[in-house]
Amino acid sequence: MNSFIFKNDSLHAENVALNTIADTFGTPCYVYSKSALVHAFESFSAGFKGSNHLVCFAVKANPSLAILNLFAKLGAGFDIVSGGELARVLAAGGDPKKIVFSGVGKTEAEMQAALNAGIFCFNVESASELIRLNKVASDMGKVAPVSLRVNPNVDAKTHPYISTGLKNNKFGVAYEDALNIYLQAAAMPGISIHGVDCHIGSQITELSPFLDAFDKVLLLVDALEQHGISIQHIDAGGGIGICYSDETPPEFTDYAAAMRAKLGNRNTKLVFEPGRALVGNAGVLLTKVEYLKHTESKNFAIVDAAMNDLMRPALYDAYHDIKAVQPRNDANALTYEIVGPVCESGDFLGHDRDLSLVEGDLLAIMSAGAYGMSMASNYNTRPRAAEVMVDGDTCHLIRKREEIANLFALENILPET
Ligand code: LLP
């Protein structure tokens with residue numbers, strides 16, 4: 001579903017013109033469509049209707065309280081990777097009994113907070129973490145529900161920085177070691193084995209890596225049963241890609257049908273951790289052209305958003321479509337580098353974009369709802385952007401633009417000596 005469409009030659013989010021949003025809230029500004037978020041969650045879940053399942057939104061993709069609250073109201077659970085994300089989910093009204101806690105470096109304090117909250121499951125990523133969790137839980141007189149994240153050694157065929165299921169990645173435990181570690185876990189009083197977990201990467205645009213990984217997980221589940229360890233749920237992770245330009249990621253319905261077919265008549269709950277697929281195409285980054293600069297070899301459009309606002313192009317050379325909010329006559333188009341004001345040559349949002357521009361024009365960086373604001377920083381002492389959610393005809397400011405004074409409010413200079 002596309003909620004960002006042109007009406008009267010002007011790009012809108014649902015029924016609100018993006019230039020109105022820029023006038024009201026300024027730029028740079030993240031703009032989300034509520035209906036796109038709801039539609040993504042509901043269509044992902046629809047494929048699993050009637051089956052025992054839980055969709056845990058991967059908070060790292062977009063931790064906005066308003067988005068978490070919206071998903072919580074739709075019945076979502078959450079995949080968290082820090083104590084900070086746990087606190088956010090609880091503040092947003094998320095149900096702790098639907099939280100899975102992933103991540104390779106959980107601290108004792110984070111384990112305690114999650115045990116106190118009563119989360120659904122810890123996705124344990126190493127034998128050492130298991131030993132620590134057993135101790136922390138036992139000291140608290142609690143038993144931690146656990147899945148082991150296994151590394152199926154499947155190639156997700158995605159960018160190396162966001163591929164996580166290969167042998168040489170830091171994530172999970174080696175597939176070959178999993179059975180042994182489960183047997184150790186079974187003997188630990190502070191641990192209760194609930195599931196098996198696996199996540200092979202992000203922005204995956206083919207079905208086959210998911211199915212190959214799931215086959216290996218099912219083999220492990222069978223082996224565990226033979227050793228008297230019964231598995232109540234399988235967490236298949238996240239990773240379904242979205243269309244940034246011309247990718248054709250699996251349809252949710254095909255993904256769900258294929259996973260359900262593999263599960264067959266087992267009575268095991270399926271847990272998923274989608275992030276990007278639920279929010280990526282539900283948000284854009286709205287920015288204004290400050291300057292046009294024409295050099296001998298390139299034309300630059302210098303905009304007021306930068307790599308600190310949207311890091312994906314600089315970090316992964318990721319492609320985001322860039323649209324003029326009120327397109328001018330294409331006959332005057334030039335090929336532009338779309339760059340920000342940050343003092344790095346890597347500070348670009350798009351290369352070689354054919355656009356007809358004048359200074360002051362607005363641009364929308366598309367597909368920016370996932371890993372956009374969540375990875376934003378204050379580099380160059382730039383306040384992070386405002387965030388707005390559009391619901392039909394109405395705009396809600398869901399995060400105020402940061403104020404410059406806040407950026408150094410926690411700092412001290414040395415006393416006079
Ligand atoms: N579960 C786990 C354990 C994860 O590590 C991740 C993402 C997800 C779920 C959600 O994956 P998704 O459905 O969003 O693909 N910053 C990168 C993406 C990093 C993904 C990290 N892990 C980017 O901007 O492309």
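1. Across the interface of domain 1 and domain 2 the rule finds one salt bridge, where a salt bridge means a side-chain nitrogen of Lys or Arg within 4 Å of a carboxyl oxygen of Asp or Glu. Asp391 and Lys34 form a salt bridge, with their closest N and O atoms 3.5 Å apart. Keep in mind that this is a predicted model: local features need pLDDT of at least 70, side-chain atom pairs count only at pLDDT 80 or more, and totals for chains, interfaces and linings use all residues. Residues are numbered from 1 along each chain as its sequence is written, and side-chain values use heavy atoms, with hydrogens and water left out.

2. On the division itself: domain 1 is 4-32 + 280-407 and domain 2 is 34-279, with bounds that come from an automatic or database domain assignment. Their C-alpha centres lie 32 Å apart.

3. Now the interface. Contact (heavy atoms within 4.5 Å) links 22 residues of domain 1 with 23 residues of domain 2. The rule also finds 12 residue pairs in polar contact across it, both at pLDDT 80 or more. A polar contact is a pair of N or O atoms within 3.5 Å; within protein, one must be able to donate a hydrogen and the other to accept it, and residues adjacent in sequence count only if both atoms are side-chain atoms.

4. The area buried between the two domains is about 1900 Å², and carbon and sulfur atoms give 58% of that. Tyr316, Tyr371 and Met389 supply 29% of what domain 1 buries against domain 2, more than any other three residues. Buried area here is the accessible area (1.4 Å probe) that two parts lose on being put together, summed over both.

5. On to the ligand. Both domain 1 and domain 2 give residues to the shell around the ligand, so it lies between them. By class, that shell has six nonpolar, seven polar and six charged residues. Of the 19 residues around the ligand, Ser202, Glu273, Arg312, Tyr316 and Tyr371 come nearest.

6. For the ligand's oxygen atoms, a polar side-chain atom of Tyr371 lies 2.7 Å from one. From the backbone, a polar atom of Gly275 is 2.8 Å from a ligand oxygen, and an N or O atom of Arg276 lies 2.8 Å from a ligand oxygen. The protein covers 92% of the 590 Å² of accessible area that the ligand has on its own, by the Shrake-Rupley method with a 1.4 Å probe.

Notes:
Near = heavy atom within 4 Å. Nonpolar A, V, L, I, M, F, W, Y, C, P; charged D, E, K, R; others polar.
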